[in-house]
Amino acid sequence: MKKFMAIALFVAVSFGGVSGARAGESGTPPAREKGLSVAGGFNKLWHETGIYRFMHPKTEQERAREYRAACVKTIEAEISAGHFESARETLERATLHEVDPALIAELEIKVSAAEKKGHVSGGLLPEGIGQFVMILVGLGLIYLAIAKGFEPLLLLPIGFGAILTNIPVAGIAEGPIPGQPGGFLYYFYTIGVQSGVFPLLIFMGVGAMTDFGPLLANPKTALLGAAAQFGIFIALLGALALAKTGWVDFSIKDAASIGIIGGADGPTAIFLSSRLSPNLLGAIAVAAYSYMALVPIIQPPIMRLFTTEADRKIVMKQLRHVSKTEKIVFPLMVLLICILLLPTATPLIGMLMLGNLMKESMVVDRLSDTAQNSLINIVTIMLGLAVGSKLAAEKFLNANTLGILALGLMAFCIGTASGVLLAKLMNKFSKDKINPLIGSAGVSAVPMAARVSNKVGLESDPQNFLLMHAMGPNVAGVIGSAVAAGVLLALVSGA
């Protein structure tokens, strides 16, 4: 496990440093340029570790600076979402905390202009036609959920939320105005998604449903979960390169949020984008969940392309028995490592491990049952509707969305290929062979990616069952995507 965390952090920090350099080219303030390198990325991440912060707690000046930066980010997000009253409230708080007067004046002008216009950025189509098109998009998502069975638990409420938010005059997703409350989807989004609560509750439920036994029985498969996150950082660089062309407008934060789509983990994508790029949340969430749903279509051709018939017929040895003690110690160990090395990932990792500990301890069955059934189902409904509320026509029908969909697909494909290729490389040095097909399960679409690995393997050998072997990299991918999100959050949140 330590080996996996070290490799994941090394890859993430390396790319983080490079991406920081690209951010410097894109207009990052000069005061931050001293950290815009690979070495600077390591240095910045070290200052965000629990080890460092235990010895050097944040000063009052650092806390004040972070608060002012958070105020500015919130104002920009509220302006972008059309929540002007909330933007003005945050603007007042920012003024009290001595934010640069010139910046306050600039934000004031933006808020006033946005209020006068009604929204900040228009889409590719006139408003009425755009709303009608997005209603059709919502119906399309519902069709995929019902007729094709593609992630129905999420695509159905997301599609329905898209329909509700694009109904003219109804204001179901609009923010409050003086004398009138906001629409109910506004509160679903603000309370559950913008705060990060819904993704975290879902992670707890996922943890309560997850068995880390296959990973503990064959720890080296954790490397496959780490390799599958490679697409995240390639897509990040791709987003920055695309922004250089002028076709789209992506900042370093936007690029990080887009890259996380490659982890094929919807809650992680929502958690990170809600903090870094709330304006892109709708497109990123739909892309993440759509590619998760399309795993059975996207992955098999890539798996076959990078493997031979002999590779696909490799039979892996039976997994050893994992004791109850190991299963109880594992979530506590992972949490401890995360606290010491990457505290920014502890919201996701912590809730995942809490759910798993409740399951494996077998002393809180009622809590475990609630987390993996009724609670996660309720949260899923509200999360889906809240994500759908961000599919407003003026926010979704634009060039940025097309770029997000393309980059997300690229990240997902690269992640799949990376896992397969690393498995083949590991076979060059390992006595116990690994079927490369399980490398594709390193993307954290649990358990669908593992099932696809098993299905493709059975096509070559009907007696070769890979499901339990594939669950190792699959659950490692869940941890890996959360670690990658934590690294990106630590590196670019202040950019």
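Mentor: A nonpolar core is a set of buried Ala, Val, Leu, Ile, Met, Phe, Trp, Tyr and Cys residues joined through side-chain atoms within 4.5 Å. The model discussed here is predicted.

Trainee: Which residues have the most contacts inside the largest nonpolar core?

Mentor: The largest nonpolar core has 117 residues. In soluble globular proteins, nonpolar side chains tend to be buried together. Those with the most contacts inside this core are Leu383 and Ile404.

Trainee: Which helix gives the most to this core?

Mentor: The core in question is the largest nonpolar one, with 117 residues. The greatest contribution, 16 residues, comes from α26.

Trainee: How far apart are the end C-alpha atoms of α26, against the span its residues should give?

Mentor: Helix α26 has 26 residues, and at 1.5 Å a residue these should span 38 Å.

Trainee: How many of the residues of α26 are buried?

Mentor: Buried means under 20% relative accessible area. By that criterion α26 is largely enclosed by the rest of the structure, because the buried residues number 24 of the 26.

Trainee: Turning to the aromatic residues, what is the geometry of the pair Phe184 and Phe188?

Mentor: The structure holds five aromatic pairs. In the pair of Phe184 and Phe188, the ring centres are 5.6 Å apart and the planes stand at 80°. Planes over 60 degrees apart count as edge-to-face. The pair Phe184 and Phe188 is therefore edge-to-face.

Trainee: Are Phe184 and Phe188 buried, exposed or partly exposed?

Mentor: The two residues lie four apart in helix α9 (residues 184-194), so about one helical turn separates them. Phe184 has a relative accessible area of 40%, and Phe188 has a relative accessibility of 23%. Phe184 is partly exposed, and Phe188 also counts as partly exposed.

Trainee: What is the geometry of the pair Phe212 and Phe330?

Mentor: The ring centres of Phe212 and Phe330 are 5.0 Å apart, with the planes at 45°. This pair links distant parts of the chain, 118 residues apart: Phe212 is in the loop between α10 (197-209) and α11 (213-217), and Phe330 is in helix α19 (residues 324-341). Phe212 is buried at a relative accessible area of 3%, and Phe330 is buried at 3% relative accessibility. Given the angle of its planes, the pair is tilted.

Trainee: Which backbone oxygen does the side chain of Asn464 reach?

Mentor: Asn464 lies in the loop between α25 (448-460) and α26 (467-492), and at 3% relative accessibility Asn464 counts as buried. Its contacts, not counting residues up to four places away in sequence, include Arg312, Lys313 and Val315. At 2.9 Å, the side chain of Asn464 reaches the backbone oxygen of Ile314.

Trainee: Which residues is Leu141 in contact with, leaving aside neighbours within four places in sequence?

Mentor: Leu141 lies in helix α7 (residues 127-147) and counts as buried at 7% relative accessibility. Outside that sequence neighbourhood, the contacts of Leu141 are Leu155, Ile158, Gly159 and Leu391.

Notes:
Residues numbered from 1 in each chain as written. Predicted model: local features only at pLDDT ≥ 70, side-chain atom pairs only at ≥ 80, totals over all residues. Heavy atoms only, no water. Phe/Tyr/Trp six-rings, centres within 6.5 Å; stacked < 30°, edge-to-face > 60°. Buried < 20%, exposed > 50% of the residue type's maximum accessible area, 1.4 Å probe, protein only. Polar contact = N/O pair within 3.5 Å; in protein donor to acceptor, adjacent residues only side chain to side chain. Contact = heavy atoms within 4.5 Å. Expected span 1.5 Å × (residues − 1).
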